[in-house]
Amino acid sequence: MERIVIIGAGQAGAQAVATLRAEGWDGSLALVGDEPFAPYQRPPLSKAYLSGAMERERLFLKAREFYREARCELLLGHPATAIDRIAKRVHLKDKGELPYDKLLLATGTRVRRCLIPGSELPGIFYLRGIADVDAMRPHFATGARLAVVGGGYIGLEVAAVARKLGLEVTVFEAMDRVMARAVSHPVSDFFARIHQAGGVRLHLKMPVQAFEGKGRLEALRAGGERHEFDLTLIGIGVEPNVELAKDAGLPCDDGIVVDDHCRCAGDLSVFAAGDCTQHTTRDGRSVRLECVQNAIDQAKHAAFAMLGKPISYREVPWFWSDQYDLKLQIAGLAWPGDRLVMRGDPDSRKFAVFHLRNGVIGAVEAVNAAPEYLMGRKLISDGTVVSPERLADTSVPMKNIA
Amino acid sequence: MPKIKYIEHSGREHEADVPVGWSVMEGAVKNLIPGIDADCGGACACATCQVYVDPAWLSKLPPKSDMEETMLDFAQELRPNSRLSCQIKVTPELAGLIVQMPKSQH
């Protein structure tokens, strides 16, 4: 019987299992994961799971019976250590070899480590998996002093939860604004104000130089000063897990390079999906996306391609973040040179920033503004020409904007 | 645990015991009931978990938030009894709730 092996038991891996079976794959199926857990949702880790509002059981993407019914062998806690593309075998840690006919790489990312002095001290945490949150949460006591290193999505979501739990929170960001990689200036400025109003001390343009402590984190050095803390969360981005692919001779750049059917170049049996991949967008740019949408949609596309009915990847990416009572929703990808159009007033805590490019919308960032987000997503997908004046005019409903 | 009845677009019925505090969406996804995608996992970010609530139950549900209201406004195949199932929290009073799934979530 033919076998499909999926390396990576995350959002993309689980989706691939579901789509392969729904589309009629009748061969055998195995899902290999580094962590001891079946695929689970990562977005709530820095939000409801950290705050305690959501218990672990609810994180799992599928019930255990799903994998039984899908006749999917789960090989969890046995990281893949090598791929032999000639023999078509995956080597697993402590579990021998696994032959495959088709292989899906959904290896995801890992946190970028902070390599400054003292960064190995106890009391310093990262956030990527269930185990990270479980290790950190007991220290989230009222009044504890938390330093967040990195003002990105993870850092700011943790800051918001920590404030709600009564911690003293200070964010250190090396760039001149928060979420600089992900959002435009007006949105950065808005969230900086929100966090400051929420009691977060925010230090911009202030990289952390060192951590200090005797056997445990006591302080950090930044901006030429010593700041005392009880614990630190480091959120300075992730790196794609490309080593398996690279060592197997598959083309990698910032991610595992895939075409718009999620195939790896030079091997008709190997596919990749999710955060670990790099693909060319429909406007011709090479990107690596870190989001649920791309994991789900690429996994679907890879499954279709594996079954010999490829469809081209044309989906508009979307992202979200929850901080305090605010929901940030983003569709599309912003590029330097976009013309920004503001719709609504940030002071009303409900607004959107549209990114216009050659008359059409390239991206939209919406804060508590679902119509702007959803209509924006549709207009991006359709490539509809829009008038910047109408977009900026809140008296024109989003439904009638084009 | 409150029992909830899910009816697929095809008419196929499923019953599931859903823990109090979970969402109606989670009750479907965790019990392998097809017809609800819930791509975002329940963050009210994707509008792929629409259900039609049995009219007899509509008034017993907590009202829609602004966010749910506007997300729904853009969903496909919207009906007056449409709700996002990720936003309906299961309570003991909802034992017996009946929801139906649309033809497609996309």
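This report describes strand pairing in chains A and B of a predicted model.

## The sheet in chain A

Chain A holds an open sheet of five strands. Their order is β9-β16-β10-β11-β12, and the pairing is parallel. Strands β9 (124-126) and β12 (201-203) of chain A stand at the edges. Each has a single partner strand, so one side of each lacks a neighbour in the sheet. On average, neighbouring strands of this sheet are turned by 20° against each other, direction ignored.

Strand β10 (residues 145-149) of chain A runs parallel to strand β16 (residues 231-234) of chain A, and four bridges join them. Here A147(A) stands opposite T232(A) in β16(A).

## A helix on the sheet

Helix α5 (residues 153-164) of chain A packs on this sheet. The helix touches β10, β11 (168-172) and β16 of chain A. Its direction makes about 165° with that of β11(A).

## Strand β1 in chain B

Strands of a sheet pair through backbone hydrogen bonds, either parallel or antiparallel. In chain B, strand β1 (residues 3-7) takes part in an antiparallel pairing and in a parallel one.

The antiparallel partner is strand β2 (residues 13-17) of chain B, with five bridges. K3(B) has D17(B) as its bridge partner in β2(B). β1(B) and β2(B) form a hairpin, with five residues between them. In the turn, G11(B) has a positive phi of about 105°.

The parallel partner is strand β5 (residues 98-100) of chain B, with three bridges. In β5(B), Q100(B) is the bridge partner of I7(B).

Note on methods. Residues are numbered from 1 along each chain as its sequence is written. Chains are lettered from A and ligands numbered from 1 in the order in which they are written. This is a predicted model: local features need pLDDT of at least 70, side-chain atom pairs count only at pLDDT 80 or more; totals for chains, interfaces and linings use all residues. Side-chain values use heavy atoms; hydrogens and water are left out. Two strands pair if DSSP finds at least two bridges between them. Helices (H or I, at least four residues) and strands (E, at least two) are DSSP runs, numbered from the N terminus. Axes are lines fitted to C-alpha atoms, for helices over the stretch in contact, and angles run from 0 to 180 degrees between N-to-C directions. Contact means heavy atoms within 4.5 Å.
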